[in-house]
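Dear colleague,

Please find below the structure that I am handing over to you. My findings follow it.

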Amino acid sequence: MTSRIPRDSRLRLVRPRPLAAAPRAMNQRRSSRPAPRPPEGTPARAELARMARSGLASAARVAHWADAALHPGRYGASPDGKGTLSDTTAELAARDLGLTPAQVRADWDTARLAGLVEVHGDSARPGWRLRAWDRDDSAVLRGWVALFDAWSLAHPEPADHEPAAVAEVVSAMPQVLSFLQLSAGPVPVEQLLDLLQQRVTELRTERCEIPYGPQPEPAAEPADTPLDPLLDWALHALASVGALTCGDGQATLTPLGSWAVWVKLEQICVAAQSPAGNIEVAAEEMLRGCAQLRPKAARDEYRAWLAARPVGSAVTELLDAARGDDALLRGLAFEALRVVGAPAEPDVRAVADEPTLRPYALLWLAEHDGFDPEDAHEVLTREEATWLWVDSAAAVADHGEAPMLVRHLESAVQPTVPMLLDEVRAVGHPRTVQVLVALAAAHPDPALAKAVRRAAFQVHTGG
């Protein structure tokens with residue numbers, strides 16, 4: 001029994017691209033909608049960044065000290081999972097920087113909340129914002145906004161208050177801050193207290209909790225908790241991060257605070273304009289909803305979805321979705337991570353050693369580092385490029401049409417079909433058999449289809 005090699009098995013050499021990147025060529029035009037402008041009187045971005053650098057100077061100093069003085073990846077955090085600085089490290093930093101251990105701890109906590117350092121158990125590493133601190137205004141402003149978002153952690157909450165009441169005040173403060181921002185000037189604390197009480201009442205009404213079965217008597221009813229000391233705590237916590245100033249019975253947003261509140265309001269507006277209504281669903285469902293959208297519409301949906309949740313948890317969700325069995329969602333997840341941009345870098349870099357995600361992560365990092373998207377594939381080894389080709393083919397086989405799978409042959413790095421089949425068999429992708437069977441069924445050339453079908457059988461039998 002003889003085998004027949006296809007008469008013309010040479011493939012056209014083209015730059016390989018992941019499936020998720022291919023549609024971008026169809027629609028390269030960016031939206032002409034101008035970016036929204038902050039309120040009149042808001043300082044220029046460079047001036048805002050200067051203010052943020054000034055406010056975070058002590059935290060950045062401690063972070064830079066840790067980066068230079070301690071072994072990389074071992075910043076001396078205690079193994080409590082909370083990033084607490086160890087006594088030995090705090091005393092060493094205090095001696096080197098001319099501070100007290102208490103000041104070092106406070107600055108360390110601020111650096112952690114601002115993303116200047118990233119803590120994992122008893123180890124830490126410099127955050128991407130620290131690396132870009134002196135040259136990237138966006139990194140500085142993102143760091144300050146991260147601290148602003150964590151204001152309730154930056155200042156100890158008052159003792160002897162019901163956790164439920166504290167949580168209600170934290171939930172109600174965005175409306176208080178919005179009112180301060182719209183007022184564009186000092187507001188009496190008494191007026192803010194009235195607003196806070198109204199908002200807390202609304203939250204309790206909306207929650208409308210009706211317990212089922214016998215319930216123990218609460219130690220204290222949240223409704224009976226006076227809100228004025230909690231408002232005082234919230235205002236001082238926000239003042240401690242530089243978002244507002246308090247004095248003479250009035251509160252005023254700082255320029256940074258006013259700008260940050262405006263940014264948050266804009267994010268809410270973006271989220272409300274989600275074209276496909278995927279804001280509230282999990283990442284995997286959102287990506288499935290975006291699979292049928294054109295590239296620009298999908299990017300708009302990614303932005304809306306991202307604006308509605310913290311960046312860290314959003315990136316984690318996207319990477320979890322990328323680890324699934326659906327290769328199309330894997331490609332789309334990294335497209336969404338391109339919209340996230342720099343804040344996703346540490347997480348993407350951390351998954352670059354996972355075989356399933358490695359080619360996607362390497363391409364993402366290459367583009368992040370300045371490679372042209374058309375040339376980013378050069379960072380992949382031949383084996384990685386082949387694995388990515390099979391993964392993309394699996395996405396086409398599951399969600400595309402036969403002609404699209406046939407055209408996918410043109411993106412292979414191998415110059416001939418026999419070479420492609422040999423390397424596809426060797427790369428060990430779990431979907432290799434299904435991809436080859438689908439390609440054999442779709443290809444119009446009987447000889448080539450037979451060769452592909454034979455390769456699929458050999459992979460299946462281990463031959």
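The buried residues of helix α22 are A447, L448, A449, A451, V452, A455 and A456; buried means under 20% relative accessible area, with a 1.4 Å probe and protein chains only. Helices are DSSP runs of H or I with at least four residues, strands are runs of E with at least two, and both are numbered from the N terminus. These buried residues pack against α20 (417-427) and α21 (432-442), contact meaning heavy atoms within 4.5 Å.

Please note that this is a predicted model, in which local features need pLDDT of at least 70 and side-chain atom pairs count only at pLDDT 80 or more, while totals for chains, interfaces and linings use all residues. Residues are numbered from 1 along each chain as its sequence is written, and side-chain values use heavy atoms, without hydrogens and water.

At its N-terminal end, α22 is capped by D445, with a side-chain oxygen 2.9 Å from the backbone nitrogen of A447.

An open sheet has three strands in the order β3-β5-β4, with antiparallel pairing; two strands pair if DSSP finds at least two bridges between them. β3 (187-188) and β4 (244-247) are the edge strands, each with a single partner, so one side of each has no neighbour in the sheet. Four bridges join β4 to β5 (residues 250-253), and T252 in β5 is the bridge partner of T245.

Finally, M173 touches W151, L196, L231, A234, L235 and L238, leaving aside residues up to four places away in sequence.

Yours sincerely

Conventions. Buried means under 20% relative accessible area, exposed over 50%, partly exposed in between (1.4 Å probe, protein chains only). A polar contact is a pair of N or O atoms within 3.5 Å; within protein, one must be able to donate a hydrogen and the other to accept it, and residues adjacent in sequence count only if both atoms are side-chain atoms.
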